[in-house]
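Reader: Please take a close look at one part of this model, the aromatic residues and what surrounds them. A plain account will do.

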Amino acid sequence: MDAAMTEQRTGGKLKWLWLTVLVIILDLGTKAMATAMLTYGDPVPVIPMFNLTLLHNTGAAFSFLAEAAGWQRWFFVTLAVVVSVVLVYWLRNLQRHETWTAVAIALILGGALGNVYDRVVHGYVVDFLHFYWQDWHFPAFNLADTAITIGAGMMILDMFRKPADSDGNAERSD
(Lines give C-alpha, C1' and ligand atoms only; values in the text may rest on other atoms or scores of the structure.)
Protein backbone atom coordinates (compact mmCIF):
# COMPACT_ATOMS: atom_id res chain seq x y z
CA MET A 1 0.00 0.00 0.00
CA ASP A 2 1.50 3.35 -0.98
CA ALA A 3 1.65 6.48 1.21
CA ALA A 4 -1.33 8.17 -0.48
CA MET A 5 -3.59 5.17 0.15
CA THR A 6 -2.43 4.92 3.78
CA GLU A 7 -3.08 8.65 4.24
CA GLN A 8 -6.57 8.29 2.79
CA ARG A 9 -7.36 5.27 4.99
CA THR A 10 -5.94 6.67 8.23
CA GLY A 11 -6.87 10.29 7.65
CA GLY A 12 -3.37 11.49 8.53
CA LYS A 13 -3.78 11.25 12.31
CA LEU A 14 -0.11 12.17 12.78
CA LYS A 15 -1.27 15.70 12.02
CA TRP A 16 -2.37 15.77 15.67
CA LEU A 17 1.28 15.86 16.72
CA TRP A 18 0.94 19.67 16.62
CA LEU A 19 -1.11 19.31 19.81
CA THR A 20 1.67 17.21 21.35
CA VAL A 21 4.20 19.93 20.50
CA LEU A 22 1.89 22.62 21.93
CA VAL A 23 1.54 20.69 25.21
CA ILE A 24 5.34 20.31 25.44
CA ILE A 25 5.94 24.01 24.77
CA LEU A 26 3.32 25.16 27.30
CA ASP A 27 4.49 22.64 29.89
CA LEU A 28 8.19 23.46 29.63
CA GLY A 29 7.47 27.19 29.44
CA THR A 30 5.35 27.20 32.59
CA LYS A 31 7.87 25.02 34.43
CA ALA A 32 10.67 27.43 33.47
CA MET A 33 8.58 30.39 34.68
CA ALA A 34 7.75 28.61 37.95
CA THR A 35 11.41 27.76 38.50
CA ALA A 36 12.50 31.35 37.79
CA MET A 37 9.76 33.10 39.78
CA LEU A 38 9.04 30.83 42.76
CA THR A 39 11.12 29.85 45.77
CA TYR A 40 11.30 26.11 46.32
CA GLY A 41 8.64 24.91 48.77
CA ASP A 42 7.28 28.40 49.47
CA PRO A 43 3.54 28.55 48.62
CA VAL A 44 2.27 31.63 46.80
CA PRO A 45 -1.49 31.99 47.36
CA VAL A 46 -3.43 32.68 44.15
CA ILE A 47 -7.04 32.08 45.16
CA PRO A 48 -8.58 30.23 48.10
CA MET A 49 -7.68 26.54 47.81
CA PHE A 50 -4.94 27.13 45.18
CA ASN A 51 -1.28 28.04 45.53
CA LEU A 52 1.69 28.08 43.23
CA THR A 53 4.30 25.98 45.03
CA LEU A 54 7.55 24.96 43.35
CA LEU A 55 8.39 21.32 44.12
CA HIS A 56 10.65 18.69 42.56
CA ASN A 57 9.31 15.16 42.15
CA THR A 58 11.86 12.39 41.64
CA GLY A 59 9.11 9.79 41.67
CA ALA A 60 6.06 9.18 39.51
CA ALA A 61 2.46 10.24 40.11
CA PHE A 62 1.81 11.19 43.75
CA SER A 63 5.61 10.91 44.33
CA PHE A 64 5.48 7.12 43.90
CA LEU A 65 9.06 5.80 44.37
CA ALA A 66 10.38 9.30 45.13
CA GLU A 67 12.39 7.89 48.04
CA ALA A 68 14.10 5.21 45.92
CA ALA A 69 17.87 5.30 45.52
CA GLY A 70 17.86 7.02 42.11
CA TRP A 71 17.25 4.06 39.80
CA GLN A 72 13.65 5.26 39.35
CA ARG A 73 14.78 8.23 37.22
CA TRP A 74 15.95 6.06 34.33
CA PHE A 75 13.20 3.52 34.88
CA PHE A 76 10.57 6.26 34.39
CA VAL A 77 12.46 7.74 31.43
CA THR A 78 12.63 4.32 29.75
CA LEU A 79 8.99 3.59 30.52
CA ALA A 80 7.87 6.95 29.12
CA VAL A 81 9.93 6.54 25.95
CA VAL A 82 8.51 3.05 25.33
CA VAL A 83 4.96 4.29 25.98
CA SER A 84 5.57 7.28 23.68
CA VAL A 85 6.70 5.01 20.83
CA VAL A 86 3.59 2.87 21.31
CA LEU A 87 1.39 5.99 21.34
CA VAL A 88 2.91 7.33 18.09
CA TYR A 89 2.40 3.92 16.46
CA TRP A 90 -1.21 3.84 17.73
CA LEU A 91 -1.80 7.41 16.52
CA ARG A 92 -0.35 6.59 13.11
CA ASN A 93 -2.70 3.63 12.70
CA LEU A 94 -5.95 5.30 13.72
CA GLN A 95 -8.75 5.47 11.23
CA ARG A 96 -9.99 8.75 9.76
CA HIS A 97 -13.03 8.92 12.06
CA GLU A 98 -11.06 8.38 15.30
CA THR A 99 -10.39 12.06 16.00
CA TRP A 100 -11.35 11.89 19.70
CA THR A 101 -8.80 9.12 20.27
CA ALA A 102 -6.17 11.03 18.27
CA VAL A 103 -6.60 14.10 20.49
CA ALA A 104 -6.42 11.95 23.64
CA ILE A 105 -3.22 10.26 22.44
CA ALA A 106 -1.65 13.59 21.45
CA LEU A 107 -2.37 15.02 24.93
CA ILE A 108 -0.93 11.98 26.72
CA LEU A 109 2.12 11.97 24.46
CA GLY A 110 2.79 15.68 25.02
CA GLY A 111 2.50 15.29 28.77
CA ALA A 112 4.73 12.23 28.85
CA LEU A 113 7.44 13.91 26.78
CA GLY A 114 7.28 17.10 28.84
CA ASN A 115 7.94 15.14 32.01
CA VAL A 116 10.62 13.00 30.30
CA TYR A 117 12.48 16.17 29.41
CA ASP A 118 12.51 17.17 33.08
CA ARG A 119 13.71 13.75 34.22
CA VAL A 120 16.55 13.65 31.69
CA VAL A 121 17.69 17.26 32.15
CA HIS A 122 17.02 17.86 35.86
CA GLY A 123 16.66 14.39 37.39
CA TYR A 124 13.20 15.32 38.67
CA VAL A 125 9.89 16.67 37.41
CA VAL A 126 9.05 20.30 38.18
CA ASP A 127 5.63 20.61 39.84
CA PHE A 128 3.99 23.87 40.87
CA LEU A 129 0.18 23.67 40.76
CA HIS A 130 -0.98 23.05 44.31
CA PHE A 131 -4.61 22.61 45.35
CA TYR A 132 -5.71 22.13 48.94
CA TRP A 133 -8.74 22.12 51.22
CA GLN A 134 -8.18 23.12 54.84
CA ASP A 135 -5.38 20.77 56.00
CA TRP A 136 -5.70 18.35 53.06
CA HIS A 137 -3.25 18.98 50.20
CA PHE A 138 -3.50 17.39 46.76
CA PRO A 139 0.00 16.54 45.45
CA ALA A 140 1.46 19.35 43.36
CA PHE A 141 1.43 18.77 39.62
CA ASN A 142 2.14 20.54 36.30
CA LEU A 143 0.61 21.07 32.85
CA ALA A 144 2.09 17.81 31.54
CA ASP A 145 0.26 15.91 34.27
CA THR A 146 -2.91 17.82 33.40
CA ALA A 147 -2.61 16.89 29.70
CA ILE A 148 -2.03 13.23 30.60
CA THR A 149 -5.06 13.23 32.90
CA ILE A 150 -7.33 14.89 30.33
CA GLY A 151 -6.16 12.48 27.61
CA ALA A 152 -6.69 9.45 29.84
CA GLY A 153 -10.11 10.78 30.85
CA MET A 154 -11.03 11.17 27.19
CA MET A 155 -10.06 7.55 26.54
CA ILE A 156 -12.14 6.35 29.49
CA LEU A 157 -15.14 8.39 28.34
CA ASP A 158 -14.65 6.98 24.85
CA MET A 159 -15.14 3.45 26.18
CA PHE A 160 -18.54 4.42 27.55
CA ARG A 161 -19.75 6.43 24.58
CA LYS A 162 -19.17 3.77 21.92
CA PRO A 163 -21.92 1.19 21.58
CA ALA A 164 -20.70 -2.36 20.99
CA ASP A 165 -21.68 -3.91 17.68
CA SER A 166 -22.89 -7.47 17.27
CA ASP A 167 -19.32 -8.77 16.82
CA GLY A 168 -18.30 -7.36 20.20
CA ASN A 169 -16.31 -4.57 18.62
CA ALA A 170 -16.92 -0.96 19.52
CA GLU A 171 -18.38 1.23 16.82
CA ARG A 172 -16.34 4.32 16.09
CA SER A 173 -18.27 7.57 16.15
CA ASP A 174 -15.53 10.20 16.45
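Author: In this predicted model, a cluster joined by ring pairs takes in F50, F131, W136, F138 and F141. The structure holds 5 aromatic pairs. One of them is formed by F50 and F131, whose ring centres lie 4.6 Å apart with 35 degrees between the planes, a tilted arrangement. This pair links distant parts of the chain, since F50 belongs to strand β2 (residues 50-57) and F131 to strand β3 (residues 125-133), 81 residues apart.

F50 has 13% relative accessibility and so counts as buried, as the cut-off for buried is under 20%. F131, at 39%, counts as partly exposed.

Next comes A140, which is found in the loop between β4 (136-137) and α5. With 16% relative accessibility, A140 counts as buried. Leaving out residues up to four places away in sequence, A140 touches L55, D127, F128 and L129. The C-alpha atoms of A140 and N51 are 9.4 Å apart, although 89 residues separate the two along the chain.

The largest has 16 residues, and W16, L19, V103 and L107 are the ones that touch the most other members. At least two residues of this core come from each of α2 (17-37), α3 (71-92), α4 (99-122) and α5 (143-161). Helix α4 supplies the largest share, 8 residues. W16 is in contact with T99, A102, V103 and A106, its neighbours within four places in sequence left aside. Another core, of 8 residues, lies apart from the largest one, and L38, F50, V126 and F141 are among its members.

W100 has the charged end of R161 over its ring, at 4.5 Å from the ring centre.

Notes:
Residues are numbered from 1 along each chain as its sequence is written. This is a predicted model: local features need pLDDT of at least 70, side-chain atom pairs count only at pLDDT 80 or more; totals for chains, interfaces and linings use all residues. Side-chain values use heavy atoms; hydrogens and water are left out. Rings of Phe, Tyr and Trp (its six-membered ring) pair if their centres lie within 6.5 Å; planes under 30 degrees apart count as stacked, over 60 as edge-to-face and the rest as tilted. Helices (H or I, at least four residues) and strands (E, at least two) are DSSP runs, numbered from the N terminus. Buried means under 20% relative accessible area, exposed over 50%, partly exposed in between (1.4 Å probe, protein chains only). A charge sits over a ring if NZ of Lys or CZ of Arg is within 6 Å of the ring centre and within 35 degrees of the ring normal. A nonpolar core is a set of buried Ala, Val, Leu, Ile, Met, Phe, Trp, Tyr and Cys residues joined through side-chain atoms within 4.5 Å. Contact means heavy atoms within 4.5 Å.
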